[in-house]
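Have a look at the model first, then read on.

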Amino acid sequence: MATQDNNRFQAIIAHAKEYGFVFPSSEIYDGLSAVYDYGPWGSELKKNIRDYWWKSMTQLHENIVGVDAAIFMHPTTWKASGHVDNFSDPMIDNKDSKKRYRVDHLIEAHVETLSKEEGNVLIAAMDKLLAAEDFAGLKKLIEDNKIKCSISGTANWTDVRQFNLMFKTEFGAVAAEVNEDENIVYLRPETAQGIFVNFLNVQKTARMKVPFGIAQTGKAFRNEIVARQFIFRMREFEQMEMQFFIRPGTEGDWYKYWKEARLQWHLSLGIPAEKYRYHDHVKLAHYAKEACDIEFEFPIGFKEVEGIHSRSDYDLSQHQVYSKKKLQYFDNDIDETTGKPYGNYVPYVIETSIGLDRMFLLILSQAYDEEVIPREDGAAETRTVLRIPAKLAPIKLAILPLTKKDGLPEIARAIMNDCREDFYCFYEEKDAIGKRYRRMDAIGTPFCITVDHQTKEDQTVTIRYRDTMQQERIAISDLRALVKEKIR
Ligand code: GAP
């Protein structure tokens with residue numbers, strides 16, 4: 001079963017590349033580990049997921065507004081947020097060469113020298129220890145496997161210690177006399193801090209009243225230690241986050257509310273509930289008071305796709321301390337117990353944080369199907385189809401003239417012109433119609449229409465539904481409304 005699922009995962013990765021969804025980054029140079037590019041249909045699908053999230057958070061919630069903060073932030077942001085001190089992974093030093101290794105890199109380099117089977121066993125043992133943050137166990141694993149430093153050739157290792165996951169870079173011109181630390185900026189490891197530092201700007205300019213939320217989508221960067229799972233764990237990825245600012249004391253209720261609301265958002269895409277589960281955190285991140293993951297059953301098992309975190313007033317209070325600026329809200333609602341306004345306070349926060357790339361992988365994993373279709377001659381053929389929810393599909397409607405002549409392309413082009421303002425259409429006249437249908441199935445196009453000779457007689461076309469492969473004739477005049485209704 002496990003092997004089969006791994007086969008399915010590999011098939012999805014191959015399909016994503018072959019059909020223009022996801023490519024390894026800078027592939028002509030053999031790629032860059034855990035970095036990926038999105039192709040023509042991948043970038044459409046990703047945009048549609050992002051838009052669906054954004055609309056449900058902002059347009060459909062009167063009390064949530066958006067921001068688009070810069071990736072670069074003042075370096076003190078990350079001191080205040082706790083990321084400089086707490087956001088780390090294990091590393092080890094060789095005492096003779098003084099060379100420092102990330103534990104996973106060291107072990108992976110050793111795996112290259114082993115047989116496939118031995119290597120897999122070692123990687124599995126490493127992943128287990130990394131997940132358990134068992135640093136003594138990792139050191140023992142390195143020693144037991146007699147892993148040596150490539151420079152000194154010795155196995156004289158320090159204890160395993162933590163390694164910060166933030167990428168650093170330098171800002172502006174670096175003059176020799178300037179203290180280098182002053183020029184260091186980080187690539188943000190989460191988008192959330194761009195929301196916290198703008199809390200008062202947004203609250204005042206958009207005249208928001210607690211409870212209210214600020215949403216943001218954008219890139220985040222982490223120098224991930226275990227990064228071998230396609231776009232599940234990347235070093236450059238995109239987050240869709242929302243910080244919901246509330247009155248202290250109401251966090252229990254709002255945490256429950258967002259936990260449920262976010263699962264409902266997933267289910268609204270028609271994905272079966274049994275593919276999801278909650279995982280309540282026992283070990284909490286440095287900022288969290290209560291936290292859970294929404295997990296999805298990927299082909300590689302149940303894994304986190306989204307986190308809901310009760311962050312208390314940790315971030316705003318920390319930014320108050322480090323910036324020496326007040327980040328408070330004046331609440332003039334009346335507190336029933338005292339009969340007086342609630343007054344000034346630092347709001348508490350419930351965060352919802354979902355990885356866009358992980359949601360993309362979720363959609364691909366759920367959509368990918370190799371359907372066996374019996375043929376009339378008794379044999380069977382396999383149809384590879386992406387059953388992507390119609391509202392997220394990269395192309396909504398394929399317009400296919402049966403032949404390249406007899407005026408059919410002209411009618412098809414006129415339909416295309418009529419529809420493409422409303423949704424993404426794709427025109428194709430090359431190859432047999434069956435082949436064109438299969439290509440559209442493989443990229444998840446929910447509707448294809450064929451323009452044929454009958455169209456010239458009665459202004460109808462054949463519409464073919466991706467999931468059932470059923471076909472029916474409909475009037476051209478009804479087509480646009482039908483597709484719009486299905487993708488709503
Ligand atoms: N602001 C809170 C935060 O960043 P997180 O649990 O570290 O929390 C939130 O990340 C979500 O971001 C995860 O649920 C996951 O979907 C996504 N994510 C985190 N690290 C990722 C990575 N290396 N590659 C892809 N997605 C990632």
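## Ground rules

A residue counts as buried under 20% relative accessible area, exposed over 50%, and partly exposed in between (1.4 Å probe, protein chains only). This is a predicted model, where local features need pLDDT of at least 70 and side-chain atom pairs count only at pLDDT 80 or more, while totals for chains, interfaces and linings use all residues. Residues are numbered from 1 along each chain as its sequence is written, and side-chain values use heavy atoms, with hydrogens and water left out.

## The chain as a whole

The chain has 16 helices and 23 strands; these are DSSP runs numbered from the N terminus, with helices being H or I of at least four residues and strands E of at least two. Of the 488 residues, 48% are buried. Along the principal axes, the C-alpha atoms fill a box of roughly 80 × 70 × 50 Å.

Contact here means heavy atoms within 4.5 Å. Take the contacts between residues at least 6 apart in sequence: 65% of them join residues at least 24 apart.

Seven strands line up in the order 3-9-10-16-13-12-11, giving an open sheet with mixed pairing. Strand 3 (64-66) and strand 11 (276-280) are at the edges with a single partner strand each, so one side of each has no neighbour in the sheet. On average, neighbouring strands are turned by 25° against each other, direction ignored. For angles like this, axes are lines fitted to C-alpha atoms (for helices, over the stretch in contact), and values run from 0 to 180 degrees between N-to-C directions.

Within the sheet, strand 9 (residues 212-221) pairs with strand 10 (residues 236-246) in the antiparallel sense, over ten bridges. Phe212 has Phe245 of strand 10 as its bridge partner.

Which strands does helix 10 (residues 251-267) lie across? They are strand 3, strand 10, strand 11, strand 12 (290-298), strand 13 (301-312) and strand 16 (348-355), and helix 10 runs at about 20° to strand 16. Helix 12 (residues 356-367) packs on the sheet too, touching strand 10, strand 11, strand 12, strand 13 and strand 16. The direction of helix 12 makes about 35° with that of strand 12.

## A helix pair

Helix 6 (residues 116-131) and helix 7 (residues 135-144) pack at an angle of about 160°, axes 8 Å apart. The two are therefore roughly antiparallel; the classes are roughly parallel under 35 degrees, roughly antiparallel over 145, roughly perpendicular from 65 to 115, and oblique for the rest. Helix 6 contributes Leu122, Ala125, Met126, Leu129 and Leu130 to the contact, and helix 7 contributes Gly137, Leu138 and Leu141.

By class, that contact comes to seven nonpolar residues, one polar and no charged. Ala, Val, Leu, Ile, Met, Phe, Trp, Tyr, Cys and Pro count as nonpolar, Asp, Glu, Lys and Arg as charged, and the others, Gly among them, as polar.

## A hairpin

Strand 17 (residues 368-374) and strand 18 (residues 380-386) pair in the antiparallel sense over seven bridges. Ile373 stands opposite Glu381 of strand 18. The two strands form a hairpin with five residues between them, and Gly378 in the turn has a positive phi of about 95°.

## Positive phi and a buried serine

Asp30 isn't a glycine, yet its phi is positive at about 75°. Asp30 is in the loop between strand 1 (22-24) and strand 2 (36-38), and is exposed at 75% relative accessibility. Asp431 also has a positive phi, near 75°, and lies in the loop between strand 20 (425-427) and helix 14. Is Asp431 buried, exposed or partly exposed? At 31% relative accessibility, Asp431 is partly exposed.

In helix 14 (residues 433-442), Arg436, Tyr437, Met440, Asp441 and Ala442 are buried. After helix 14 comes Gly444, with a positive phi near 85°.

Lastly, Ser81 belongs to helix 3 (residues 76-81) and is buried, with a relative accessible area of 1%. Neighbours within four places in sequence aside, Ser81 is in contact with Gln193, His286 and Tyr314.

Notes. Two strands pair if DSSP finds at least two bridges between them.
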